Amino acid sequence: MNADIWGRHSLHRLPRLPVGAVGFLLICALGLVVGFGEVSTSGYRSWVQVFHEFTNGPDRVIFPVIVSLVAGVPLANELSNRFIVNTRTREDLRKHLGRLAFRGIAKAGFGFATLLMVYAVAAFAVSPNLFPGAVDPEAYGLEAASGAYAIDATDGAFANLANYGWPVLAIFSALWAGANAAIFAGVAVVSLLLIDKTIVALSIPFALYLFESVVTQILDLPGMSFLITAIHPVGLQEFDLAQVFAPTILLGLSTWVTLTVLIAQAPHNPRFS
Amino acid sequence: MQAAINGFWDSIRSVRSMLASVGVMAFILGRLLGQEAIRGANLWDPVFGALTDTLVISLILGGWWLTWLVPLLLTAEFKTSLIRYGSPARALTAKMLYLTGANLAFGVLVFCGIVGIGLAGDFAWEWSEVAKSEIGEGLSVFSASTLAAKFTSPVIALAVSTLFTFMGFCSIAIVSTALATIGRKRAALAYAVTMGFWAFICSFSPLDIPQFVDASSLLSLAWALGRPFGVTHAALFWLMSGGVSLAVLKISQGRLSVFDFVAGRRGVVLTAIAMTVLASTVAVSMGVSSSADLIAWFFSGSHGDLASYALVAAIPLLVVTASATQLAKMGPGYIEMLLMRHGSVQRWLEYWWRVELAWAGFYLVIAIATLIIAALSFFPHSSTEWFGLILPGSVAMYVLVVLQLTSLSVLNQFRPSALSMWPGFGAAFIVLGYWPILGLEANFAAPYSMSNPSESWQATAIPTLICALIAAILASLSRWRIWLNSPSFRSPIFSKEK
């Protein structure tokens, strides 16, 4: 009944452990526990700030590690056990690599977009019911009515979107985090194709993430630091959208160009022969 | 074609179709009797009142259309259909033709009924006075006056409205039939029934359904005309259904290659459109407030901020990168074949140049057209004085594409594996475009840069000329055909030893 078009039944395929899904669930649980812990004991100016509290969880630091594991491990396995070399007569190499890269990138992007949606629901829909006293604008010297969605210059570059309703802010933040995760997944795939040592290749996204953040923060350009902007652009300093978008666009562009050329040239790559 | 005739014949003599058309006639007659007292009404008022009513349409969808669609889905067998039709695509085509015939027969039955009622009296070739005059808040959307405002003749309106509803039915059917054709019967059935059920819920409109998931604007022309972008959404849904069913068929045969799509012509067209839409959206989100500002922002280049520059510079770079991947895909054997076909390296290069320059121009035209559409739709009431900026900007961008293509060609002639250096070259173009070494007046890596709208040609002329000059020098270099004459390229046909 459940056969595919060639008559193969799904039982013939080996079951796979849902490592990626379990990993995302763990990160999500960790972020929610940390976030609710903070919200239960603190007072905030607005619910947007509560959302920022959730996005400031541990995944801001381990983000590139998770992304390179989710996107890179299947490719790394196939590279290390010579699966690709042994099967390239069966299937076009570019098609196979393209599918592996696409799957990894899509998984990472979709995972982090979902994560941000969960945080938004936790901050804007669950927290007001659990901790109605968490937002106390009067403690900040603001009037209650204006304070409910009081947007401050340090509230992050996307905070103005909350004026259209929190779902708009949530969707845009999810798209942003998803795009960044997808781009770092692309970096992981590129470094796996370029570097022989798996462990070195898989740690390149994290190294790039930290190095870029250190350099841009020393240069006093906080909006360009991935550590501050990649998950959700919010920090202690004020910065504008142009600063936030630039590094993501540049990294995405260079990753796209490198990845397509690398896959196009893969048949001439000695690693696959 | 035989399938369509079969469908027509099966449907026109079936009890189902007759009962359903009698039901539609009953709706029309009921409205006709209800409007006896209204002066100035004619036959078209009850006809359009019934045929564009989403409740009637979703009743037809659930009570008649699904009785034709579901048996097709349940009896589909992948292997049988392969033996019978030859390929999944042909099987899908035959089934859709069958359904089209069945639908046409139903249309003929309903049309005969309308003609019969018309012969009994009240027939006219024109809209009634009621339909022409009554335009107001209190009137139902599902009436002849909605269509009378758009169409001059009720016969044309009847044809267009029926075709619209038919396209809605078929766009639902094609996806489920494609799923059934590749053997996913349960998914196909679930899709068809869910869509029918959703159309039914939407026709009651119990709550304010958001426009982009409203099935009513997919099925009723009168409803779609009354909603903002209703017809556009319906057309998008038709396109999307066609695309999804093609993708389903391709996936079933294992023929879908992400890489081939992304690096192919269609992928680059999509990339050009997507990058332009993304750039315009980002511009609007960053505070651009008129179409003139949007065009000036688009061509600001090294005068703008880094994010704006990178978004726009990505368009020529991605176009040329697709050419780079196409070159990189050619192995030595393929190049030999090309050389045999064209006669010499020079001739092949000339051919390559003609093809790539034409395609690059096409991609840029697509991108600029998308930009103009974005400008017109983001700021519909803005003045159109900005058209003067587009020509110098796009000419300069095209010359930049030519320069990037020449550097690609030089790389390829130097040594095929040197194409690995293309990402480095692309990065150099991006960096030099924003931080020009020759100064802002001679910014050959972003010659389209204009600091303000008043200096369009003055700003781009010199950088464009320098860009063209460098391209010409590199083009003459690329005719040296270094690697083809080098001993490392051991071609049995073109080596010097023979």
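1. Basis. This is a predicted model, in which local features need pLDDT of at least 70, side-chain atom pairs count only at pLDDT 80 or more, and totals for chains, interfaces and linings use all residues. Residues are numbered from 1 along each chain as its sequence is written, chains are lettered from A and ligands numbered from 1 in the order in which they are written, and side-chain values use heavy atoms, with hydrogens and water left out.

2. Cavities. There are three cavities of 30 Å³ or more. A cavity is a set of points, on a 1 Å grid over the protein atoms alone, where a 1.4 Å probe fits but cannot get out; lining residues have an atom within 4 Å of a point. Grid points are joined across faces, edges and corners, and a volume is the space filled by probe spheres set on the points.

3. Largest cavity. Its volume is about 70 Å³. Chain A contributes Trp256(A) and Thr260(A) to the lining, and among the residues from chain B are Val262(B), Leu318(B) and Thr325(B). At least two lining residues each come from α10 (241-264) of chain A and from α14 (258-263), α15 (265-285) and α17 (306-329) of chain B. Helices here are DSSP runs (H or I, at least four residues), numbered from the N terminus. α17(B) has the largest share, four residues. By class the lining has six nonpolar, four polar and no charged residues (nonpolar: Ala, Val, Leu, Ile, Met, Phe, Trp, Tyr, Cys and Pro; charged: Asp, Glu, Lys and Arg; polar: the others, Gly among them).

4. Second largest cavity. This one holds about 50 Å³. Its lining includes Tyr309(B), Pro316(B), Leu400(B), Gln404(B), Phe429(B) and Tyr448(B). Two or more lining residues come from each of α17, α20 (387-414) and α21 (422-434) of chain B. α17(B) again gives the most, with four residues. The lining divides into ten nonpolar, one polar and no charged residues.

5. Ser58(B). This residue sits in helix α4 (residues 54-74) of chain B. Ser58(B) counts as buried because its relative accessibility is 2% (buried: under 20% relative accessible area, 1.4 Å probe, protein chains only). Beyond neighbours within four places in sequence, Ser58(B) contacts Ala199(B), Phe200(B) and Ser203(B) (contact: heavy atoms within 4.5 Å).

6. Asn103(B). Helix α6 (residues 88-119) of chain B holds Asn103(B). With 9% relative accessibility, Asn103(B) is buried. Apart from residues up to four places away in sequence, Asn103(B) touches Trp64(B), Trp65(B), Phe166(B) and Phe169(B).

Methods: On a 1 Å grid over the protein atoms alone, a cavity is a set of points where a 1.4 Å probe fits but cannot get out, and a pocket is an open set with protein on both sides within 12 Å along at least five of seven lines; lining residues have an atom within 4 Å of a point. Buried means under 20% relative accessible area, exposed over 50%, partly exposed in between (1.4 Å probe, protein chains only).
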